[in-house]
Amino acid sequence: MAATNLPGATVVYAPAQAVDGYKSQLPGYDVRPLEVSSITIDASQISLKPGEKRLLTIVPSSEPYAGLDLIWSSTDTEIATVDDEGNVTAVGEGDCVVTASFAFIPGITATCAIRVTENAGIDDITDDDQLITITTSQGTVSVTGKLDSEILKVYTMQGVCIYSGYNHKVDGLCPGIYIISVANHTAKAIVP
């Protein structure tokens, strides 16, 4: 239930199916139905390394929703936990799903797929079972494998090529997401 103070009255928003009950319990209040038909989480899927944290937030389809109790849950707390505020903590490697739902509005939920892996933020490039491995560290992208004799290109997310050459270790990158290209194969890498 969310309350809004307006001149001369206090407006209380309640789940549509409970408005009459709230009106009888709150005489003198302007009880209005809260019409929330759906919510979404700000990310549909995320990858984290064990020990990393990420705050998830919900986006309702209508307002007001402030003050409504959300219930957060994880399908596997040995992979990732989530607290009452939507803070996800990666625990161990694997996949799980985090769900958010309103405590007093049944049937309205949103989910986010969670992958916990040591290589979070890295997509591997494969070519006929020949693996190229991309590793990232503070400001660095390194590429190793059977295609390492090919030209490496590093692009910003805006499509600007910032490196092209045979050296498969690129230093001095700012933290962010980059597109890595080797021999017409591409992958995304997150540089811390």
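A salt bridge is taken here as a side-chain nitrogen of Lys or Arg within 4 Å of a carboxyl oxygen of Asp or Glu.

**Entry 1: ground rules**

I am working on a predicted model, where local features need pLDDT of at least 70, side-chain atom pairs count only at pLDDT 80 or more, and totals for chains, interfaces and linings use all residues. Residues are numbered from 1 along each chain as its sequence is written, and side-chain values use heavy atoms, with hydrogens and water left out.

**Entry 2: salt bridges**

I searched the whole structure for salt bridges and got 3. As background, side chains of opposite charge can pair when their charged atoms come close.

I looked up Arg54 and found a salt bridge with Asp42, with 3.9 Å between the closest N and O atoms. Arg54 sits in strand E6 (residues 53–55) and Asp42 in the loop between strand E4 (39–41) and strand E5 (45–48), 12 residues apart. Strands (E, at least two residues) are DSSP runs, numbered from the N terminus. For exposure I use relative accessible area: buried is under 20%, exposed is over 50%, and partly exposed is in between, with a 1.4 Å probe and protein chains only. Arg54 is partly exposed at 29%, and Asp42 is partly exposed at 39%.

I then took Arg115, which forms a salt bridge with Asp95; the closest N and O atoms are 2.8 Å apart. Arg115 lies in strand E12 and Asp95 in strand E11 (residues 94–102), so this pair ties together parts 20 residues apart in sequence. Arg115 is partly exposed at 45% relative accessibility, and Asp95 is partly exposed at 47%.

I also noted the salt bridge between the side chains of Asp30 and Arg32, at 2.8 Å from N to O. Asp30 is partly exposed at 28%, and Arg32 is partly exposed at 32%.

**Entry 3: strands around E11**

I count two strands as paired if DSSP finds at least two bridges between them. E11 and E12 pair in the antiparallel sense over 8 bridges, and Gly94 stands opposite Val116 in E12. The hairpin of E11 and E12 has 6 residues between the strands, and in this hairpin Gly107 takes a positive phi near 85°. E11 is also joined to strand E8 (residues 70–74), antiparallel, by 5 bridges. I found Val98 in E11 as the bridge partner of Ser74.

**Entry 4: Thr117**

I looked up Thr117 in the loop between strand E12 (109–116) and strand E13 (125–127). Thr117 is buried, with a relative accessible area of 19%. Leaving out residues up to four places away in sequence, Thr117 touches Leu48, Lys49, Pro50 and Glu93, where contact means heavy atoms within 4.5 Å.

**Entry 5: the four-strand sheet**

I traced an open sheet of 4 strands, in the order E17-E16-E19-E20, with antiparallel pairing. Strand E17 (161–165) and strand E20 (185–191) are at the edges with a single partner strand each, so one side of each has no neighbour in the sheet. Neighbouring strands of this sheet are turned by 20° against each other on average, direction ignored; the angles, on a scale from 0 to 180 degrees, are between lines fitted to C-alpha atoms. Strand E19 (residues 176–182) and E20 run antiparallel and are joined by 7 bridges. In E20, Val191 is the bridge partner of Gly176.
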